[in-house]
Amino acid sequence: MSKRPRILIVGAYGQVGRELQRSFADAGEIIARDRDTVDLAAPDQVRSMVGDSAPDVILNAAAYTAVDRAESEPDIAMAVNALASGILAEEALRAGALLVHYSTDYVFDGSKAGPWVETDVPNPLNVYGASKLAGEEAIRRAGGKYLIFRTSWVYGPHGQNFLLTMLRLGQECESLNIVDDQFGAPTSSIELADATRAIVSGVLAGQFGAPSSWAGLYHMTCGGSVSWCGFARAIFARADNLLHGKVPVVKPIVSAEYPTPAKRPRNSLLSNEMLNTRFSVQLAPWEVALDTVILRLADTAY
Ligand SMILES: NC(=O)c1ccc[n+]([C@@H]2O[C@H](COP(=O)([O-])OP(=O)(O)OC[C@H]3O[C@@H](n4cnc5c(N)ncnc54)[C@H](OP(=O)(O)O)[C@@H]3O)[C@@H](O)[C@H]2O)c1
(Lines give C-alpha, C1' and ligand atoms only; values in the text may rest on other atoms or scores of the structure.)
Protein backbone atom coordinates (compact mmCIF):
# COMPACT_ATOMS: atom_id res chain seq x y z
CA MET A 1 0.00 0.00 0.00
CA SER A 2 1.59 3.31 -1.10
CA LYS A 3 -0.71 5.89 0.62
CA ARG A 4 -0.69 6.28 4.40
CA PRO A 5 -3.27 3.78 5.68
CA ARG A 6 -6.27 5.00 7.66
CA ILE A 7 -6.29 3.01 10.90
CA LEU A 8 -9.48 2.98 12.97
CA ILE A 9 -8.83 1.94 16.59
CA VAL A 10 -12.03 0.91 18.38
CA GLY A 11 -11.81 0.75 22.18
CA ALA A 12 -8.89 3.16 21.86
CA TYR A 13 -8.75 3.99 25.57
CA GLY A 14 -8.93 0.46 26.99
CA GLN A 15 -5.69 -1.14 28.15
CA VAL A 16 -4.87 -2.69 24.75
CA GLY A 17 -6.33 0.25 22.81
CA ARG A 18 -3.99 2.74 24.46
CA GLU A 19 -0.95 0.63 23.58
CA LEU A 20 -2.20 0.20 20.01
CA GLN A 21 -2.37 4.01 19.76
CA ARG A 22 1.26 4.18 20.89
CA SER A 23 2.51 1.35 18.69
CA PHE A 24 0.68 2.44 15.51
CA ALA A 25 1.28 6.20 16.02
CA ASP A 26 3.59 6.44 12.98
CA ALA A 27 1.93 3.67 10.95
CA GLY A 28 -0.72 5.82 9.31
CA GLU A 29 -3.60 8.16 10.01
CA ILE A 30 -5.06 7.11 13.37
CA ILE A 31 -8.78 7.46 14.06
CA ALA A 32 -9.34 6.68 17.76
CA ARG A 33 -12.88 5.79 18.88
CA ASP A 34 -14.25 4.75 22.27
CA ARG A 35 -17.46 4.76 24.26
CA ASP A 36 -17.68 8.57 24.27
CA THR A 37 -18.07 8.56 20.45
CA VAL A 38 -19.70 5.18 19.74
CA ASP A 39 -21.87 2.73 21.67
CA LEU A 40 -21.02 -0.69 20.31
CA ALA A 41 -24.31 -2.03 21.59
CA ALA A 42 -26.03 0.21 18.99
CA PRO A 43 -25.60 -1.42 15.54
CA ASP A 44 -26.34 1.80 13.61
CA GLN A 45 -23.57 3.63 15.46
CA VAL A 46 -21.10 0.84 14.65
CA ARG A 47 -22.04 0.97 10.96
CA SER A 48 -21.77 4.75 10.68
CA MET A 49 -18.46 4.80 12.62
CA VAL A 50 -16.89 2.57 9.96
CA GLY A 51 -18.68 4.28 7.06
CA ASP A 52 -17.54 7.74 8.21
CA SER A 53 -13.95 6.62 8.88
CA ALA A 54 -13.35 4.84 5.55
CA PRO A 55 -10.54 2.82 7.15
CA ASP A 56 -7.95 0.56 5.54
CA VAL A 57 -7.46 -1.23 8.87
CA ILE A 58 -9.79 -1.63 11.87
CA LEU A 59 -8.13 -2.58 15.16
CA ASN A 60 -10.92 -3.71 17.48
CA ALA A 61 -9.67 -3.56 21.07
CA ALA A 62 -13.13 -2.89 22.48
CA ALA A 63 -15.01 -5.55 24.40
CA TYR A 64 -17.28 -6.13 27.33
CA THR A 65 -14.54 -7.49 29.62
CA ALA A 66 -16.25 -7.64 33.02
CA VAL A 67 -16.07 -11.44 33.27
CA ASP A 68 -18.09 -11.83 36.49
CA ARG A 69 -20.64 -9.10 35.70
CA ALA A 70 -21.32 -10.75 32.32
CA GLU A 71 -23.02 -13.63 34.16
CA SER A 72 -25.85 -11.24 35.12
CA GLU A 73 -25.66 -9.08 31.94
CA PRO A 74 -25.49 -11.68 29.15
CA ASP A 75 -27.44 -9.52 26.68
CA ILE A 76 -24.99 -6.60 26.87
CA ALA A 77 -22.00 -8.95 26.73
CA MET A 78 -23.44 -10.60 23.60
CA ALA A 79 -24.33 -7.25 21.98
CA VAL A 80 -20.80 -5.87 22.38
CA ASN A 81 -18.68 -9.02 22.03
CA ALA A 82 -20.68 -10.94 19.44
CA LEU A 83 -23.10 -8.72 17.48
CA ALA A 84 -20.88 -5.64 17.26
CA SER A 85 -17.91 -7.79 16.20
CA GLY A 86 -19.98 -9.28 13.38
CA ILE A 87 -21.15 -5.84 12.25
CA LEU A 88 -17.57 -4.54 12.30
CA ALA A 89 -16.58 -7.48 10.11
CA GLU A 90 -19.42 -6.81 7.65
CA GLU A 91 -18.51 -3.13 7.48
CA ALA A 92 -14.81 -3.96 7.11
CA LEU A 93 -15.72 -6.13 4.12
CA ARG A 94 -17.80 -3.28 2.63
CA ALA A 95 -14.88 -0.83 3.14
CA GLY A 96 -12.27 -3.32 1.86
CA ALA A 97 -10.52 -3.02 5.23
CA LEU A 98 -8.54 -5.53 7.28
CA LEU A 99 -10.22 -6.26 10.64
CA VAL A 100 -7.95 -7.13 13.57
CA HIS A 101 -9.83 -8.46 16.58
CA TYR A 102 -8.86 -9.93 19.96
CA SER A 103 -10.38 -12.97 21.61
CA THR A 104 -9.67 -14.95 24.73
CA ASP A 105 -8.37 -18.12 26.34
CA TYR A 106 -11.78 -18.24 28.07
CA VAL A 107 -13.27 -19.84 24.94
CA PHE A 108 -11.73 -23.07 26.31
CA ASP A 109 -12.84 -25.08 29.35
CA GLY A 110 -9.32 -25.56 30.72
CA SER A 111 -9.50 -29.37 30.74
CA LYS A 112 -6.54 -30.03 28.40
CA ALA A 113 -3.21 -31.13 29.88
CA GLY A 114 -1.00 -29.13 27.46
CA PRO A 115 -1.24 -25.79 25.63
CA TRP A 116 -4.42 -25.21 23.59
CA VAL A 117 -3.98 -25.00 19.81
CA GLU A 118 -6.20 -23.14 17.33
CA THR A 119 -7.90 -26.35 16.16
CA ASP A 120 -8.94 -27.44 19.68
CA VAL A 121 -12.69 -27.38 20.20
CA PRO A 122 -13.83 -24.43 22.36
CA ASN A 123 -16.20 -25.02 25.25
CA PRO A 124 -16.56 -21.81 27.27
CA LEU A 125 -17.32 -22.08 30.98
CA ASN A 126 -18.80 -18.59 31.33
CA VAL A 127 -20.93 -15.99 29.54
CA TYR A 128 -17.94 -13.79 28.66
CA GLY A 129 -16.17 -16.74 26.97
CA ALA A 130 -19.37 -17.70 25.11
CA SER A 131 -19.88 -14.12 23.91
CA LYS A 132 -16.27 -13.87 22.68
CA LEU A 133 -16.58 -17.21 20.88
CA ALA A 134 -19.79 -15.98 19.22
CA GLY A 135 -17.82 -12.88 18.14
CA GLU A 136 -15.13 -15.04 16.51
CA GLU A 137 -17.80 -16.99 14.65
CA ALA A 138 -19.58 -13.82 13.48
CA ILE A 139 -16.32 -12.43 12.08
CA ARG A 140 -15.56 -15.67 10.27
CA ARG A 141 -19.10 -15.78 8.82
CA ALA A 142 -18.84 -12.22 7.43
CA GLY A 143 -16.20 -13.47 4.99
CA GLY A 144 -13.81 -10.48 4.88
CA LYS A 145 -10.07 -10.13 5.58
CA TYR A 146 -9.54 -10.66 9.29
CA LEU A 147 -6.99 -11.56 11.94
CA ILE A 148 -8.28 -12.79 15.29
CA PHE A 149 -5.69 -12.96 18.04
CA ARG A 150 -6.70 -15.02 21.06
CA THR A 151 -4.78 -13.83 24.07
CA SER A 152 -4.80 -14.32 27.85
CA TRP A 153 -4.43 -12.61 31.23
CA VAL A 154 -3.90 -9.15 29.74
CA TYR A 155 -2.33 -6.49 31.94
CA GLY A 156 -0.31 -3.34 31.39
CA PRO A 157 0.45 0.17 32.60
CA HIS A 158 -3.16 1.39 32.15
CA GLY A 159 -6.69 0.32 32.93
CA GLN A 160 -8.10 -2.34 35.20
CA ASN A 161 -5.87 -5.37 35.47
CA PHE A 162 -4.28 -7.86 37.86
CA LEU A 163 -0.93 -6.05 38.08
CA LEU A 164 -2.45 -2.70 39.03
CA THR A 165 -4.87 -4.40 41.45
CA MET A 166 -1.95 -6.19 43.15
CA LEU A 167 0.00 -2.93 43.45
CA ARG A 168 -3.03 -1.24 45.04
CA LEU A 169 -3.80 -4.15 47.39
CA GLY A 170 -0.11 -4.49 48.22
CA GLN A 171 -0.21 -1.04 49.78
CA GLU A 172 -3.39 -1.77 51.73
CA CYS A 173 -2.89 -5.36 52.99
CA GLU A 174 -0.32 -7.26 55.04
CA SER A 175 -1.17 -10.54 53.29
CA LEU A 176 -3.08 -11.64 50.19
CA ASN A 177 -4.68 -15.00 49.33
CA ILE A 178 -4.20 -15.70 45.62
CA VAL A 179 -5.48 -18.58 43.48
CA ASP A 180 -2.73 -21.09 42.72
CA ASP A 181 -4.56 -23.71 40.63
CA GLN A 182 -5.27 -21.72 37.44
CA PHE A 183 -2.39 -21.55 34.97
CA GLY A 184 -1.79 -19.28 32.00
CA ALA A 185 0.51 -16.76 30.36
CA PRO A 186 0.18 -13.18 31.61
CA THR A 187 0.38 -11.07 28.45
CA SER A 188 1.29 -7.40 28.51
CA SER A 189 -0.66 -4.89 26.45
CA ILE A 190 2.71 -3.53 25.25
CA GLU A 191 3.78 -6.91 23.77
CA LEU A 192 0.34 -7.48 22.28
CA ALA A 193 0.27 -4.08 20.57
CA ASP A 194 3.82 -4.34 19.23
CA ALA A 195 3.26 -7.85 17.85
CA THR A 196 0.03 -6.65 16.23
CA ARG A 197 1.90 -3.71 14.67
CA ALA A 198 4.62 -6.00 13.27
CA ILE A 199 2.05 -8.33 11.69
CA VAL A 200 -0.23 -5.61 10.31
CA SER A 201 2.77 -3.75 8.83
CA GLY A 202 3.87 -6.97 7.14
CA VAL A 203 0.38 -7.62 5.80
CA LEU A 204 0.08 -4.06 4.40
CA ALA A 205 3.53 -4.36 2.82
CA GLY A 206 2.48 -7.59 1.09
CA GLN A 207 5.13 -9.54 2.99
CA PHE A 208 2.82 -12.47 3.76
CA GLY A 209 1.18 -12.76 0.34
CA ALA A 210 -2.54 -12.97 -0.39
CA PRO A 211 -5.15 -12.99 2.44
CA SER A 212 -5.72 -16.71 1.85
CA SER A 213 -2.21 -17.35 3.18
CA TRP A 214 -2.45 -15.26 6.38
CA ALA A 215 -6.06 -14.39 7.32
CA GLY A 216 -7.51 -16.34 10.23
CA LEU A 217 -7.33 -17.12 13.92
CA TYR A 218 -4.07 -17.21 15.89
CA HIS A 219 -3.09 -17.57 19.53
CA MET A 220 -0.96 -14.65 20.73
CA THR A 221 0.40 -14.63 24.28
CA CYS A 222 3.63 -14.00 26.09
CA GLY A 223 5.86 -17.05 26.60
CA GLY A 224 5.89 -19.36 29.62
CA SER A 225 3.27 -20.29 32.17
CA VAL A 226 2.48 -19.39 35.77
CA SER A 227 -0.40 -19.44 38.26
CA TRP A 228 -2.09 -16.24 39.48
CA CYS A 229 -0.27 -16.76 42.78
CA GLY A 230 3.09 -17.11 41.01
CA PHE A 231 2.32 -14.00 38.97
CA ALA A 232 1.50 -12.04 42.14
CA ARG A 233 4.77 -13.15 43.74
CA ALA A 234 6.71 -12.11 40.62
CA ILE A 235 5.03 -8.69 40.71
CA PHE A 236 5.91 -8.11 44.36
CA ALA A 237 9.49 -9.35 43.78
CA ARG A 238 9.91 -6.56 41.18
CA ALA A 239 7.79 -3.76 42.60
CA ASP A 240 9.81 -2.78 45.65
CA ASN A 241 10.20 0.82 44.43
CA LEU A 242 6.53 1.19 43.55
CA LEU A 243 5.44 -0.14 46.96
CA HIS A 244 8.14 1.73 48.91
CA GLY A 245 9.37 -1.54 50.42
CA LYS A 246 5.94 -2.54 51.79
CA VAL A 247 5.57 -6.02 50.26
CA PRO A 248 2.67 -8.24 51.41
CA VAL A 249 2.84 -11.97 52.15
CA VAL A 250 1.24 -13.94 49.30
CA LYS A 251 -0.61 -17.11 50.35
CA PRO A 252 -1.66 -19.73 47.76
CA ILE A 253 -5.30 -20.87 47.75
CA VAL A 254 -7.38 -23.11 45.47
CA SER A 255 -10.15 -21.71 43.25
CA ALA A 256 -12.84 -23.25 45.49
CA GLU A 257 -11.66 -20.95 48.30
CA TYR A 258 -12.30 -17.86 46.12
CA PRO A 259 -15.75 -18.38 44.58
CA THR A 260 -16.66 -16.01 41.73
CA PRO A 261 -19.90 -15.67 39.70
CA ALA A 262 -18.05 -16.81 36.53
CA LYS A 263 -16.18 -20.13 36.40
CA ARG A 264 -12.66 -19.89 35.01
CA PRO A 265 -10.57 -22.47 33.12
CA ARG A 266 -7.86 -24.32 35.07
CA ASN A 267 -5.45 -24.46 32.13
CA SER A 268 -5.47 -21.27 30.01
CA LEU A 269 -2.18 -21.88 28.26
CA LEU A 270 -2.28 -21.15 24.50
CA SER A 271 0.28 -22.49 22.01
CA ASN A 272 1.79 -19.70 19.88
CA GLU A 273 3.38 -22.05 17.36
CA MET A 274 1.08 -21.10 14.49
CA LEU A 275 1.72 -17.37 15.03
CA ASN A 276 5.48 -17.93 15.12
CA THR A 277 5.45 -20.11 12.00
CA ARG A 278 3.18 -17.88 9.89
CA PHE A 279 4.49 -14.44 10.87
CA SER A 280 7.91 -15.09 12.53
CA VAL A 281 6.59 -13.12 15.50
CA GLN A 282 7.22 -14.16 19.08
CA LEU A 283 6.15 -12.25 22.19
CA ALA A 284 8.59 -11.97 25.12
CA PRO A 285 8.52 -14.47 27.99
CA TRP A 286 6.00 -13.23 30.58
CA GLU A 287 8.73 -12.39 33.15
CA VAL A 288 10.58 -10.16 30.65
CA ALA A 289 7.34 -8.43 29.62
CA LEU A 290 6.53 -7.85 33.30
CA ASP A 291 9.95 -6.21 33.82
CA THR A 292 9.16 -3.81 30.96
CA VAL A 293 5.75 -2.84 32.34
CA ILE A 294 7.13 -2.34 35.87
CA LEU A 295 9.89 -0.13 34.42
CA ARG A 296 7.29 1.90 32.50
CA LEU A 297 5.26 2.35 35.70
CA ALA A 298 8.37 3.34 37.67
CA ASP A 299 9.28 5.89 34.97
CA THR A 300 5.87 7.53 35.20
CA ALA A 301 5.67 7.35 39.02
CA TYR A 302 8.52 9.81 39.57
N1 LIG B 1 -8.26 -8.22 29.92
C2 LIG B 1 -7.93 -9.49 29.74
O3 LIG B 1 -7.41 -10.17 30.65
C4 LIG B 1 -8.15 -10.15 28.40
C5 LIG B 1 -7.82 -11.52 28.25
C6 LIG B 1 -8.03 -12.11 27.01
C7 LIG B 1 -8.53 -11.38 25.95
N8 LIG B 1 -8.84 -10.07 26.12
C9 LIG B 1 -9.39 -9.34 24.99
O10 LIG B 1 -8.48 -8.30 24.63
C11 LIG B 1 -9.21 -7.19 24.09
C12 LIG B 1 -8.79 -5.92 24.80
O13 LIG B 1 -9.13 -6.06 26.18
P14 LIG B 1 -8.72 -4.98 27.28
O15 LIG B 1 -8.22 -5.74 28.45
O16 LIG B 1 -7.89 -3.92 26.66
O17 LIG B 1 -10.18 -4.41 27.64
P18 LIG B 1 -10.55 -3.08 28.42
O19 LIG B 1 -9.37 -2.47 29.06
O20 LIG B 1 -11.74 -3.44 29.27
O21 LIG B 1 -11.02 -2.12 27.25
C22 LIG B 1 -12.18 -2.37 26.52
C23 LIG B 1 -12.63 -1.07 25.88
O24 LIG B 1 -13.89 -1.32 25.24
C25 LIG B 1 -14.75 -0.25 25.58
N26 LIG B 1 -16.15 -0.64 25.53
C27 LIG B 1 -16.78 -1.58 26.27
N28 LIG B 1 -18.11 -1.60 25.98
C29 LIG B 1 -18.30 -0.63 25.04
C30 LIG B 1 -19.44 -0.15 24.35
N31 LIG B 1 -20.66 -0.65 24.57
N32 LIG B 1 -19.28 0.84 23.46
C33 LIG B 1 -18.04 1.37 23.24
N34 LIG B 1 -16.94 0.97 23.86
C35 LIG B 1 -17.06 -0.02 24.76
C36 LIG B 1 -14.36 0.10 26.99
O37 LIG B 1 -14.88 1.37 27.34
P38 LIG B 1 -15.22 1.65 28.90
O39 LIG B 1 -13.90 1.63 29.61
O40 LIG B 1 -15.91 2.98 28.87
O41 LIG B 1 -16.12 0.52 29.33
C42 LIG B 1 -12.85 0.05 26.91
O43 LIG B 1 -12.30 1.24 26.40
C44 LIG B 1 -10.69 -7.55 24.23
O45 LIG B 1 -11.15 -8.10 23.03
C46 LIG B 1 -10.70 -8.62 25.30
O47 LIG B 1 -11.82 -9.47 25.19
C48 LIG B 1 -8.64 -9.43 27.32
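Which polar backbone atom is 3.3 Å from an oxygen atom of the ligand? In this predicted model, one such atom belongs to A63.

The ligand is surrounded by 24 residues, the closest being V16, R35, T65, Y128 and K132. Sorted by class, this shell holds 13 nonpolar residues, together with 7 polar and 4 charged ones. Three elements each contribute at least two residues to the shell, namely helix 1 (15–23), strand 4 (98–104) and helix 4 (127–142). Of the elements, strand 4 gives the most, with 3 residues.

Attention now turns to N161, which sits in the loop that runs between strand 6 (154–155) and helix 5 (162–172). With a relative accessible area of 5%, N161 counts as buried, because that value is under 20%. The N161 side chain reaches two backbone atoms: the oxygen of H158, at 3.1 Å, and the nitrogen of L163, at 3.2 Å. Beyond its neighbours within four places in sequence, N161 is in contact with Q15, V154, Y155 and G156. Among these partners, V154 and Y155 make up strand 6 (154–155), while Q15 belongs to helix 1 (15–23), one of the elements that supply the ligand shell.

Notes:
Residues are numbered from 1 along each chain as its sequence is written. This is a predicted model: local features need pLDDT of at least 70, side-chain atom pairs count only at pLDDT 80 or more; totals for chains, interfaces and linings use all residues. Side-chain values use heavy atoms; hydrogens and water are left out. A residue is near a molecule or strand if one of its heavy atoms lies within 4 Å of it. A polar contact is a pair of N or O atoms within 3.5 Å; within protein, one must be able to donate a hydrogen and the other to accept it, and residues adjacent in sequence count only if both atoms are side-chain atoms. Helices (H or I, at least four residues) and strands (E, at least two) are DSSP runs, numbered from the N terminus. Ala, Val, Leu, Ile, Met, Phe, Trp, Tyr, Cys and Pro count as nonpolar, Asp, Glu, Lys and Arg as charged, and the others, Gly among them, as polar. Buried means under 20% relative accessible area, exposed over 50%, partly exposed in between (1.4 Å probe, protein chains only). Contact means heavy atoms within 4.5 Å.
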